[in-house]
Amino acid sequence: MKNTVTRITVRALIAAATLGLPAAYLALPATAQAQAPHAAPTNIRGSIVSFANNTIKVKTREGKMVDVTLAEGGRVAGVARAAVTDIKPGDFVGIASLAKADGGDGALEVLIFPPAMKGTGEGSYGWDLKPNSSMTNATVADAVKGVDGHTVTVSYHGKEKKIAIADGTPVVTLAPASTKDLVAGAIVFIPATKNDKGNLVAQQLVVGTNGVVPPM
């Protein structure tokens with residue numbers, strides 16, 4: 001179930017950024033694909049070494065070199081810088097976080113969804129940004145400024161969760177991008193799957209542009 005939610009979220013995110021289509025429409029094909037039997041996605045984070053013939057060579061954050069084929073018709077999205085003060089009650093956000101030693105969760109990064117995508121991948125589930133991290137896609141119930149940053153209370157499926165957002169935490173929203181942005185040195189986040197030959201293939205990816213990198 002966690003992998004299904006992750007695929008729906010990422011695919012709908014990128015499709016919305018590149019096509020501007022309603023989230024409900026975008027989630028339908030993603031759900032159908034997620035239900036088909038195939039390997040769980042491998043999230044690749046790193047910098048582009050080269051891009052040619054639809055093949056992206058990436059040096060991952062772990063220092064490995066991997067090749068990923070961007071599928072025909074594959075979508076590319078970017079991110080734009082936002083601020084924690086942009087987060088308002090009623091907004092739908094995706095927050096990667098870690099449990100804090102003194103209780104509660106601390107945000108690792110925040111994505112503010114476009115209004116049309118409210119409800120996409122709603123829930124809280126395991127994430128691989130850092131060990132033991134989680135991803136929570138939820139509606140902001142309130143946002144309070146404190147001494148050491150902000151704290152938001154988010155709600156999903158009748159549950160609530162408080163997440164502290166320290167000063168300096170990356171906060172982004174979506175931005176247009178294209179294959180022209182897949183240049184050497186650009187930072188990428190790529191949810192990829194292996195095909196029958198064991199090669200990594202991506203239907204979509206997020207690339208950093210204008211000095212803003214994908215924090216997810």
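Here are some notes on this predicted model, point by point.

1. Confidence first. The chain has a mean pLDDT of 83, and 81% of its residues reach at least 70. Strand S2 (residues 55-60) is where confidence is highest, at 98. Helix H2 (residues 23-35) sits at the other end, with a mean of 30, the lowest in the chain. Across residues 15-37 the pLDDT stays under 50. For that stretch the model has 27 contacts beyond four places in sequence, and I'd read them with that score in mind.

2. Overall layout. Two helices and twelve strands make up the secondary structure of the chain. Going along the sequence, the order is α-α-β-β-β-β-β-β-β-β-β-β-β-β. The chain has 216 residues, and 48% of them count as buried. On the contact side, take the pairs with a separation of 6 or more: 62% of those contacts in the chain join residues 24 or more positions apart.

3. The second largest pocket. What lines it? The residues are Thr42, Asn43, Ile44, Arg45, Thr60, Arg61, Glu62, Lys64, Val66, Asp128 and Leu200. The space inside comes to about 180 Å³. Strand S1 (residues 42-52) contributes the most to this lining, with four residues. Sorted by class, the lining holds five charged, three polar and three nonpolar residues.

4. Aromatic pairs. Searching the whole structure turns up two of them. One of these brings together tryptophan 127 and phenylalanine 189: the ring centres are 6.2 Å apart and the planes meet at 45°, so the pair counts as tilted.

5. Tryptophan 127 is in the loop between strand S6 (123-126) and strand S7 (134-146), while phenylalanine 189 belongs to strand S11 (residues 187-194), so the pair ties together parts 62 residues apart in sequence. Are the two partners buried or exposed? Tryptophan 127 has a relative accessibility of 10%, so it counts as buried. Phenylalanine 189 is buried as well, with a relative accessible area of 2%.

6. Threonine 139. This residue is part of strand S7. Its relative accessibility is 17%, and because the cut-off for buried is under 20%, threonine 139 counts as buried. Leaving out residues up to four places away in sequence, threonine 139 touches Gly90, Asp91, Phe92, Lys118, Thr153, Val154 and Ser155.

7. Proline 89. You'll find proline 89 in the loop between strand S3 (65-81) and strand S4 (92-99). At 56% relative accessibility, proline 89 counts as exposed. Proline 89 still has contacts beyond four places in sequence, touching Val140, Ala141, Asp142 and Ala143. How far is proline 89 from valine 154 in sequence and in space? The two are 65 residues apart in sequence, and their C-alpha atoms are 8.9 Å apart.

8. Threonine 85. The loop between S3 and S4 also holds threonine 85. Threonine 85 is exposed, at a relative accessible area of 60%.

9. Backbone check. Asparagine 53 has a positive phi, near 55°. Asparagine 53 is placed in the loop between S1 and S2, and with 78% relative accessibility asparagine 53 counts as exposed. Asparagine 132 also has a positive phi, near 70°. Asparagine 132 lies in the loop between S6 and S7, and at 75% relative accessibility asparagine 132 counts as exposed.

10. Tryptophan 127 is buried at 10%, whereas asparagine 132 is exposed at 75%.

Definitions and conventions:
Residues numbered from 1 in each chain as written. Predicted model: local features only at pLDDT ≥ 70, side-chain atom pairs only at ≥ 80, totals over all residues. Heavy atoms only, no water. 1 Å grid on protein atoms, 1.4 Å probe; cavity = no way out; pocket = protein on both sides within 12 Å on 5 of 7 lines; lining within 4 Å. Points joined across faces, edges and corners; volume = space filled by probe spheres on them. Nonpolar A, V, L, I, M, F, W, Y, C, P; charged D, E, K, R; others polar. Phe/Tyr/Trp six-rings, centres within 6.5 Å; stacked < 30°, edge-to-face > 60°. Buried < 20%, exposed > 50% of the residue type's maximum accessible area, 1.4 Å probe, protein only. pLDDT = per-residue confidence, 0-100. Contact = heavy atoms within 4.5 Å.
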